[in-house]
Amino acid sequence: MKKITSLLLALIMCMSLVACGGPDKQPAIDAFNKSSNAFNEVAAVINENPDAYDQEVIDAMIEMANVLNQHKELLESDTELDEEQLNEMIAWYGTVDEWVADAKAELGI
């Protein structure tokens with residue numbers, strides 16, 4: 001009986017360690033997917049004729065693309081991110097969404 005109890009306690013402790021994996025990345029992943037899809041739609045239009053846009057727009061687009069790529073790598077990796085980092089990423093995606101909305105309005109798409 002002692003062996004069974006010890007085994008059960010050991011299993012319960014192992015399960016509790018698995019549950020302590022850190023904050024859930026899924027909300028950040030969902031926000032990333034939404035923002036990056038919208039961004040890619042605008043980027044495709046701009047990339048069709050980059051000479052039609054001023055360098056400031058191109059530079060902003062390149063900078064956002066670089067940060068989105070960095071975030072993609074972090075979200076797909078086993079790197080543990082704390083809640084604050086994930087919230088900062090989600091907030092930044094709001095900035096991307098605003099830029100995309102403004103760009104779509106200017107581009108008429």
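Mentor: The model is predicted, with local features needing pLDDT of at least 70 and side-chain atom pairs counting only at pLDDT 80 or more, while totals for chains, interfaces and linings use all residues. Residues are numbered from 1 along each chain as its sequence is written, and side-chain values use heavy atoms, with hydrogens and water left out.

Trainee: What makes up the secondary structure of the chain?

Mentor: The chain comes to four helices and zero strands, in the order α-α-α-α from the N terminus, where helices are DSSP runs of H or I with at least four residues, strands are runs of E with at least two, and numbering starts at the N terminus.

Trainee: Why is α2 called roughly parallel to α4?

Mentor: The axes of α2 (residues 26-48) and α4 (residues 83-107) cross at roughly 25 degrees and come within 9 Å. Axes are lines fitted to C-alpha atoms, for helices over the stretch in contact, and angles run from 0 to 180 degrees between N-to-C directions. Angles under 35 degrees count as roughly parallel, over 145 as roughly antiparallel, 65 to 115 as roughly perpendicular and the rest as oblique, and therefore α2 is roughly parallel to α4.

Trainee: Which residues meet where α2 and α4 are in contact?

Mentor: With contact meaning heavy atoms within 4.5 Å, the α2 residues include A31, F39 and V42, and those of α4 include I90, Y93 and W99. The residues of this contact divide into 17 nonpolar, one polar and four charged, where Ala, Val, Leu, Ile, Met, Phe, Trp, Tyr, Cys and Pro count as nonpolar, Asp, Glu, Lys and Arg as charged, and the others, Gly among them, as polar.

Trainee: At what angle do α2 and α3 pack?

Mentor: The angle between α2 and α3 is about 150 degrees, and their axes are 11 Å apart. Among the residues making the contact are F32 and F39 of α2 and M61, L68 and H71 of α3, and the contact divides into 13 nonpolar, three polar and one charged.

Trainee: Why is A31 called buried?

Mentor: Buried means under 20% relative accessible area, exposed means over 50%, and partly exposed lies in between (1.4 Å probe, protein chains only). A31, in helix α2, has 17% relative accessibility and therefore counts as buried. Leaving aside its neighbours within four places in sequence, A31 is in contact with I90 and Y93.

Trainee: How do you know whether H71 and N87 are buried or partly exposed?

Mentor: H71, which lies in helix α3, has a relative accessible area of 11% and is therefore buried. N87, which lies in helix α4, has a relative accessible area of 42% and is therefore partly exposed. Of the 109 residues of the chain, 23% count as buried.

Trainee: What makes a set of residues a nonpolar core, and which residues touch the most other members of the largest one here?

Mentor: A nonpolar core is a set of buried Ala, Val, Leu, Ile, Met, Phe, Trp, Tyr and Cys residues joined through side-chain atoms within 4.5 Å. The largest has 21 residues, of which F39, L75, Y93, W99 and V100 touch the most other members. The elements that give two or more residues to this core are α2, α3 (55-76) and α4, and the largest share, eight residues, comes from α2. Leaving aside neighbours within four places in sequence, the contacts of F39 include M61, L68 and W99.
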